[in-house]
Amino acid sequence: MPKTSVIAAAAIACASAAAIFVGAEKGKPAVPVKATVQGDLGYRDTALIPGQRWKVHDIDRPRPAAVDPGAPGTQERASRPPSDAVVLFDGQDTSRLVWPVKGWKLENGYLEITATGDSLATRDSFGDMQLHVEWMIPPNPKHTGQMRGNSGIILMGRYEVQVLDSYDAATYADGQAASMYGQFPPLVNASRKPGEWQFYDIVFEAPKFEGSNLVKPPYVTVLHNGVVVHNHQAFVGQMAHRIHKPFEAHGPEAPLVIQNHDVPVRYRSIWARRLTGYDQAE
Ligand code: MG
């Protein structure tokens with residue numbers, strides 16, 4: 001934009017909004033911010049962005065809410081969730097879980113599958129979500145193949161991202177750690193050793209149905225220990241063993257399930273964020 005236009009636009013902007021409020025967290029006072037450079041706060045004389053109701057650099061476009069991003073975990077310490085996360089398990093509190101669960105125990109700041117029993121489910125239901133889960137196969141797993149630390153993150157109780165020891169252990173590709181079970185292997189094997197904490201960061205888009213017809217499949221993007229292993233990949237059906245299980249229509253939200261597959265696996269720091277559209281009010 002030519003300099004004269006910038007000045008003119010900034011004059012319009014500043015005349016209508018000498019100061020705006022940004023960076024406000026819920027429950028905290030907003031911080032007034034004054035423009036130090038003309039045009040910093042936006043414009044009202046610019047072109048519409050194609051497909052949007054906002055102009056380029058629109059001064060009236062809502063500023064995104066501020067979020068404390070938390071902190072990554074280490075082998076010794078679980079991650080600290082973002083400030084707007086739904087904390088499903090923090091190492092102690094099981095109030096957001098259907099708990100107790102047969103075959104699970106809570107000690108030392110983690111949940112552990114100890115015996116054949118039931119899968120773990122959240123009380124909350126989720127559709128589109130960001131999910132963080134930290135997990136560990138305990139040292140020296142006894143079994144091989146699919147019994148070597150098998151568990152799973154089952155989104156909406158139907159779509160599984162596999163948990164397994166795949167550090168130096170063979171099984172079928174679409175059933176190894178971080179696979180979309182029975183459908184797609186991970187792009188790479190980013191596994192750590194048994195006895196080391198690992199994590200998944202999952203971005204999940206829920207399927208959409210019209211009546212009994214699927215109109216949009218569920219998609220996942222998965223990072224395993226920070227490495228992209230699925231990049232916006234669609235599930236092709238529900239989780240199943242040795243068969244293809246077609247989609248069955250369900251509601252827009254459902255609980256998250258963590259699989260009990262009869263062998264020890266530990267979990268700590270489980271949190272979710274419901275995903276919303278752009279331009280939400282602060
Ligand atoms: Mg599994």
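Visitor: What makes the backbone oxygen of His143 and the side chain of Arg148 a polar contact?

Guide: In this predicted model, the backbone oxygen of His143 lies 2.9 Å from a polar atom of the Arg148 side chain; a polar contact is a pair of N or O atoms within 3.5 Å, where within protein one must be able to donate a hydrogen and the other to accept it, and residues adjacent in sequence count only if both atoms are side-chain atoms. Because the model is predicted, local features need pLDDT of at least 70 and side-chain atom pairs count only at pLDDT 80 or more, while totals for chains, interfaces and linings use all residues. Residues are numbered from 1 along each chain as its sequence is written, and side-chain values use heavy atoms, with hydrogens and water left out.

Visitor: Why is Arg148 called buried?

Guide: Arg148 has a relative accessible area of 19%, and buried means under 20%, exposed over 50% and partly exposed in between (1.4 Å probe, protein chains only), so Arg148 counts as buried. Asp165 is buried too.

Visitor: How do you know that Arg148 forms a salt bridge with Asp165?

Guide: The closest N and O atoms of Arg148 and Asp165 are 2.5 Å apart, and a salt bridge is defined as a side-chain nitrogen of Lys or Arg within 4 Å of a carboxyl oxygen of Asp or Glu, so the pair qualifies.

Visitor: What makes the pair Asp279 and Arg61 a salt bridge, and which parts does the pair tie together?

Guide: The closest N and O atoms of Asp279 and Arg61 are 2.8 Å apart, and the two form a salt bridge. Asp279 lies in the segment after strand E16 (266–274) and Arg61 in the loop between strand E2 (31–34) and strand E3 (86–89), so the pair ties together parts that are 218 residues apart in sequence.

Visitor: Why is Asp279 called partly exposed, and how is Arg61 classed?

Guide: Asp279 has a relative accessible area of 31%, so Asp279 is called partly exposed, and Arg61, at 23% relative accessibility, also counts as partly exposed.

Visitor: How many salt bridges are there by this rule?

Guide: The count comes to ten, and another pair is Arg273 with Asp84, whose side chains meet at 2.8 Å, N to O.

Key: Helix = DSSP H or I, 4+ residues; strand = E, 2+ residues; numbered from the N terminus.
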